[in-house]
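Here are a few notes to read alongside the model.

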Amino acid sequence: MRKFNVGVIGATGMVGQRFLLLLENHPWFDVKVLAASSRSAGKKYKDAIKVWNLSEPMPAKFADMVVQDADDVQDVASQVDFCFCAVNMPKDAIRALEEKYARAECPIVSNNSAHRFTPDVPMIIPEINADHLDIIPAQRKRLGTKRGFIAVKSNCSLQSYVPLLNPLRKFGIESCAVCTYQAISGAGKTFQTMPEIIDNVIPYIGGEEEKSEKEPLKIWGTIVGDQIVPATEPKITAQCLRVPVSDGHTAACFVKFKNKPAKEEILEAWKEFAGEPQKLDLPHAPKQFIHYFEEDNRPQPALDRNLEGGMAVCAGRLREDNLFDYKFIGFSHNTLRGAAGGAVLLAELLCAKGYMD
């Protein structure tokens, strides 16, 4: 695989910082541009960031890079093969900015939610719906581009349960109830910047429950003509809570089937499940996508969030339920598998499939 020159738009935020850790020694990607708002433009990266939010130190190779203005679209686009985007702006502004880059023939791999429901923008969990990349030619036709397009990853909390539901769809999932217990880094916070979460649970995260209920249906949708048509089932209901955990989203999941499988069939489906990243041996693909824990007290954020570089999805406590058919616990690292890592894996998939050529 040849080297690709890449940019990170929104490099100063928490997810942008995570991107830089993942890209520091990436075998395919060479970071050429760090971009952010006009407030940060012109400053060295180490001076532009207000707080380095991660436990790992800032990569020295980026400290003295001069941050560019994300609004200088043509200038940024001229220096790179594609960009990652993790800006913190109103959705309409993000939507417009990402389209400007795409129309400037700079593909965008986005961590943002602004384009998740644009009908011709693929929203990808690489192991699940890599086939949705087939919509990109239709999007390019709409945008009037030869190379430029937008591809997005799904909401971070979905990674804790949708990968566990996906291999069970063959049994006919009728309905699902999920409650997610989400880490503060999902809000771009640390315990220092969110002291109100200590010894506390906040039972509301704006917009999160709607995303949790609707985004899986687009992921499981089908391409019809020039758009992705969301699936109509299963029915999903969700509640989302913010909890005093630094990194890692946990999901309590309840599932009812049309054709109830045996417990052993579910465990086998999880064990055997793999997707395009594993087949292609992509750099950030976990060797074993789903890990099941037999212990009653696992998975746990403190113990399991960095499994397979934070890119694995964990499951535990699978058992029959007296209202639904089964219940289980899911878990994933929200800023790795759920955010920057998921976007890097998506970019690797796009490169391996030739979309960045």
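1. Strands β12 (residues 249-257) and β15 (residues 326-332) run antiparallel and are joined by 7 bridges. Strands here are DSSP runs of E of at least two residues, helices runs of H or I of at least four, both numbered from the N terminus; two strands pair if DSSP finds at least two bridges between them. Cys253 stands opposite Phe328 in β15.

2. A word on the source: this is a predicted model, where local features need pLDDT of at least 70, side-chain atom pairs count only at pLDDT 80 or more, and totals for chains, interfaces and linings use all residues. Residues are numbered from 1 along each chain as its sequence is written, and side-chain values use heavy atoms, leaving out hydrogens and water.

3. The open sheet has 6 strands with mixed pairing, in the order β11-β8-β12-β15-β14-β13. Its edge strands, β11 (235-242) and β13 (290-293), each pair on one side only.

4. How many disulfides are there, counting cysteine sulfur pairs within 2.5 Å? The count is 0. For Cys106, the nearest cysteine sulfur is that of Cys83, 3.9 Å away. Cys106 is buried (under 20% relative accessible area; exposed is over 50%, partly exposed in between; 1.4 Å probe, protein chains only), at 1%. Cys314 is in no disulfide either, with the sulfur of Cys253 15 Å away; Cys314 is also buried, at 1% relative accessibility.

5. Do look at helix α12 (residues 336-352): a kink of about 50° is centred on Gly342, the bend being the angle between axes fitted to the seven residues ending there and the seven starting there. In α12, 16 of the 17 residues are buried, so the rest of the structure largely encloses this helix.

Terms used
A disulfide is a pair of cysteine sulfur atoms within 2.5 Å.
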